[in-house]
Amino acid sequence: MISLDHIAVWSDNLYRTTADLSRATGLGSADGGYFPGLGLGQKLLSLGGYVYVEVESIVDHRMIAERAPLALELERQTAGGDCFAGLCLRSDDVEEVAEFARHHGITPSGDIDGGKVRMVPAQGSAPSVHAPDFRNSWLRGKPNLYHVPDLANHSSVLPPQPGTGDVRGTGVTAIELGGTAADLNAWLGDVAAPSDLGVDIAYNGGPDGLYAVTFDTTDGPRTIRLNPITHQATGS
């Protein structure tokens, strides 16, 4: 079964963006850890319903100094401010991920380069099997699909750090995407339909990507609106 899992936000300042989002929404944040092989740090804000926002920025300055590819890309993408980088789906069936990969003529990606170190080790390991990789999905403004076998240690249930926000998300209700419904249908293929995501989807006809996410909270509805990712020409 395929559903919405998380939304990636890229920033040039992990703490500023997380604080800004908490102030704007009232949501508390948790520390998601970091990716040694990518130089990324991560903060998490739960939207409820096992969906969360992950704010990412480069925290290992060596990656910037050495001009590592992902560091360069994130630097380019955030030159004009924060952006929605990825719309990430999940399935509890690894064969659905494999079918999605076949639909795009690729093989699923395995472990994240360098792995992930969580600030709460008991939370478990990060999702690994996914398709397509970020260059063939995020940089095209398209969703990718992760294998998440269960939700017991899902990042959305990590308790927020005390004092970061008292509002609790109770579930995503709508998203705004570029392109058209036909575009998303073609991208998902026979693996899923847009209706499977369980949220209302508005299409603005602009470049592909995520433009806004609306969710309910204990203090009423909230909307986060950011620039979509800037496209690069990539192959499948």
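Predicted model: local features only at pLDDT ≥ 70, side-chain atom pairs only at ≥ 80, totals over all residues.
Residues are numbered from 1 along each chain as its sequence is written, and side-chain values use heavy atoms, with hydrogens and water left out.

**Exercise 1. Cysteines**

Work out how many disulfides the structure holds, and whether Cys88 is buried or exposed.

Step 1: A disulfide is a pair of cysteine sulfur atoms within 2.5 Å.

Step 2: Check the distance. The cysteine sulfur closest to that of Cys88 belongs to Cys83, and at 12 Å it's too far for a bond. The count for the structure is zero disulfides.

Step 3: Look at accessibility. Buried means under 20% relative accessible area, exposed over 50%, and partly exposed in between (1.4 Å probe, protein chains only). Cys88 comes out at 0%, so it's buried. Cys83 is buried too, at 1%.

**Exercise 2. Aromatic rings**

Find out what kind of aromatic pair Trp10 and Phe134 form, and which parts of the chain this pair ties together.

Step 1: Here's the test. Rings of Phe, Tyr and Trp (its six-membered ring) pair if their centres lie within 6.5 Å; planes under 30 degrees apart are stacked, over 60 edge-to-face, and the rest tilted. The whole structure has four such pairs.

Step 2: Apply the test. The centres of Trp10 and Phe134 are 6.3 Å apart with 65° between the planes, so the pair is edge-to-face.

Step 3: Place the residues. Helices (H or I, at least four residues) and strands (E, at least two) are DSSP runs, numbered from the N terminus. Trp10 sits in strand E1 (residues 2–10), and Phe134 in the loop between strand E6 (130–131) and strand E7 (144–147), so the pair joins parts that are 124 residues apart in sequence.

Step 4: Trp10 is buried at 1%, while Phe134 is partly exposed at 22%. Ring pairs also bring in Trp138, making a cluster with Trp10 and Phe134.

**Exercise 3. One side of a helix**

Which residues of helix H3 (residues 69–77) are buried, and what do they pack against?

Step 1: List them. The buried ones are Leu70, Ala71, Glu73, Leu74 and Gln77.

Step 2: See how they're arranged. They span an arc of only 165° around the axis (taken from the directions from the helix axis to the C-beta atoms), which puts them on the same side of H3.

Step 3: Find the partners. With contact meaning heavy atoms within 4.5 Å, these residues pack against E1, strand E3 (40–48), strand E4 (51–58), helix H2 (61–65) and strand E5 (83–91).

**Exercise 4. A hairpin**

How many bridges pair strand E2 (residues 30–35) with E3?

Step 1: Two strands pair if DSSP finds at least two bridges between them.

Step 2: E2 and E3 have five, in the antiparallel sense.

Step 3: Look at the turn. The hairpin has four residues between the strands, and Gly39 takes a positive phi near 75°.

**Exercise 5. Leu210**

Where is Leu210, and is it buried or exposed?

Step 1: Leu210 belongs to strand E10 (residues 210–217).

Step 2: Its relative accessibility is 6%, so Leu210 is buried.

Step 3: Beyond its neighbours within four places in sequence, Leu210 has contacts including Ile7, Phe84, Leu87 and Pro228.
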